[in-house]
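Please look over the sequence and the model together before reading on.

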Amino acid sequence: PAGKTAEKYTMESNVTAVGESAFRNNKHLKQVVFADSVTTIDRYAFEGCTALSKVEFPLSLETLSDRAFSGCSALTVANITGRITRLGEGAFAGCTSLATVSYPSTLEYINTSCFYDCISLKKLDLKNIKSIGGGGLFNCQALEELHIPAGLGFHSSDYYGDSTGSYSSFLGNNLKLKNISVDSANPYYCSVGGVLYSKDKTTLYSYPAGKANKEFSTIESATHIEEYAFYGANNLESLTVYASNIGSYAFDGCDSVTKLAFMGEELCYISDSYFPNLQSLEFSDDIKGRFELNWFYRNTKLPSEVVLPNGFYDVKMMDLEYYSPFKTIYIFKTPELFEEETVDHIVYRLTKRKEQLKEANIDLIRLDENGSCGENATFVLDKNGKLVIAGTGAVDSFPWSEYPQFIKEVVIGEG
């Protein structure tokens with residue numbers, strides 16, 4: 001019973017299982033001694049036992065179920081014994097004093113959120129582990145080192161820990177983690193400069209939040225950044241990204257980033273990222289893709305104007321009620337990077353977008369990248385507002401008159 005005041009409990013020798021919620025929310029229990037006959041600790045068995053500081057696990061243990069010890073905030077050591085093969089979902093989540101964990105060589109699967117919010121956990125040996133569920137080590141703020149062994153494969157949220165080929169981030173907000181190393185024999189992962197990538201280097205899985213670097217550039221082959229990948233990396237001030245797809249909350253907690261550059265060939269999707277101090281946004285000249293204002297709707301320190309390269313074929317705002325830091329968006333009229341038959345469709349789409357964005361008090365202004373401005377005169381306009389007029393004879397047309405505020409410099413050639 002939750003109201004029972006005994007501080008120590010020793011189980012009878014014939015007990016084989018601790019039932020669901022058996023000791024749940026007992027605030028007095030400090031120590032529990034299991035009988036050697038116990039094979040199962042069911043879900044929620046000791047959840048919320050905030051005074052529990054010492055647990056002697058039995059050698060007979062085979063099953064440790066979901067949230068069995070979650071919220072046991074006084075527990076400092078978990079020397080798990082027995083023939084256990086997996087730890088249940090959230091088994092030790094919220095054990096904020098837990099600093100040391102050991103387990104038998106039979107353990108292969110650490111389930112979803114197993115050590116979530118174990119803010120005192122400094123080290124975890126993964127030598128026999130085959131799978132860690134999503135959030136398994138999330139917010140383990142004291143974790144200082146992590147080595148991925150040869151046998152650790154793709155992470156699954158499946159209770160049975162099967163490697164499904166899908167990835168669910170088990171890291172995030174590990175504020176003291178400075179390096180992730182990987183066994184060279186691992187077929188799924190590799191480490192580049194202490195950053196966790198897929199073996200083929202096309203996906204960035206995790207950037208250690210405790211790295212001291214102020215600047216970082218992803219490798220050019222990494223076209224995908226996983227969810228929570230940079231979560232809590234507050235030392236970063238400048239970030240260069242080559243990825244085209246970026247997962248949910250990938251950059252949350254990167255509060256010091258002031259400069260963000262997308263230098264890849266394409267930009268397709270950014271999900272739920274927030275840079276509260278972002279002041280500079282840059283794109284490569286050759287980048288293709290679409291631009292969604294919602295990607296940056298909370299970044300209030302960005303300039304009110306943004307210039308998009310001519311490879312962007314769409315500009316939209318999913319919800320006009322969102323705040324946008326941009327009040328003027330410039331995009332070049334001639335999408336030269338696309339096949340000719342698609343140009344008319346792009347022009348039509350951008351015309352419709354202009355009408356929609358106007359409802360949110362946002363101006364979408366299409367620029368002329370180059371063209372004729374006289375019988376023998378031509379012009380070129382670059383993204384920095386530099387207008388170069390060349391040729392001979394009179395200049396008798398002025399396409400740039402529609403956006404004089406964009407022109408920062410004019411160079412007139414001889415003739």
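Strands β24 (280–283) and β26 (305–308) each supply at least two residues of the lining of the largest pocket, strands being DSSP runs of E with at least two residues, numbered from the N terminus. The largest share of this lining, 4 residues, comes from β24. The model is predicted, with local features needing pLDDT of at least 70 and side-chain atom pairs pLDDT 80 or more, while totals for chains, interfaces and linings use all residues. Residues are numbered from 1 along each chain as its sequence is written, and side-chain values use heavy atoms, without hydrogens and water.

The largest pocket has a volume of about 370 Å³. Of its 16 lining residues, Leu-281, Val-306, Val-307, Lys-383 and Asn-384 are the closest to its centre. A pocket here is an open set of points on a 1 Å grid with protein on both sides within 12 Å along at least five of seven lines, a cavity is a set where a 1.4 Å probe fits but cannot get out, and lining residues have an atom within 4 Å of a point. By class, the pocket lining has 9 nonpolar, 3 polar and 4 charged residues.

A search of the whole structure finds 1 cavity of 30 Å³ or more, and the largest cavity has a volume of about 50 Å³. Its lining has 8 nonpolar, 4 polar and no charged residues, among them Leu-171, Asn-173, Tyr-207 and Tyr-231.

Val-411 counts as partly exposed because its relative accessibility is 31%, a class between buried (under 20%) and exposed (over 50%), with a 1.4 Å probe and protein chains only.

Terms used
Grid points are joined across faces, edges and corners, and a volume is the space filled by probe spheres set on the points. Ala, Val, Leu, Ile, Met, Phe, Trp, Tyr, Cys and Pro count as nonpolar, Asp, Glu, Lys and Arg as charged, and the others, Gly among them, as polar.
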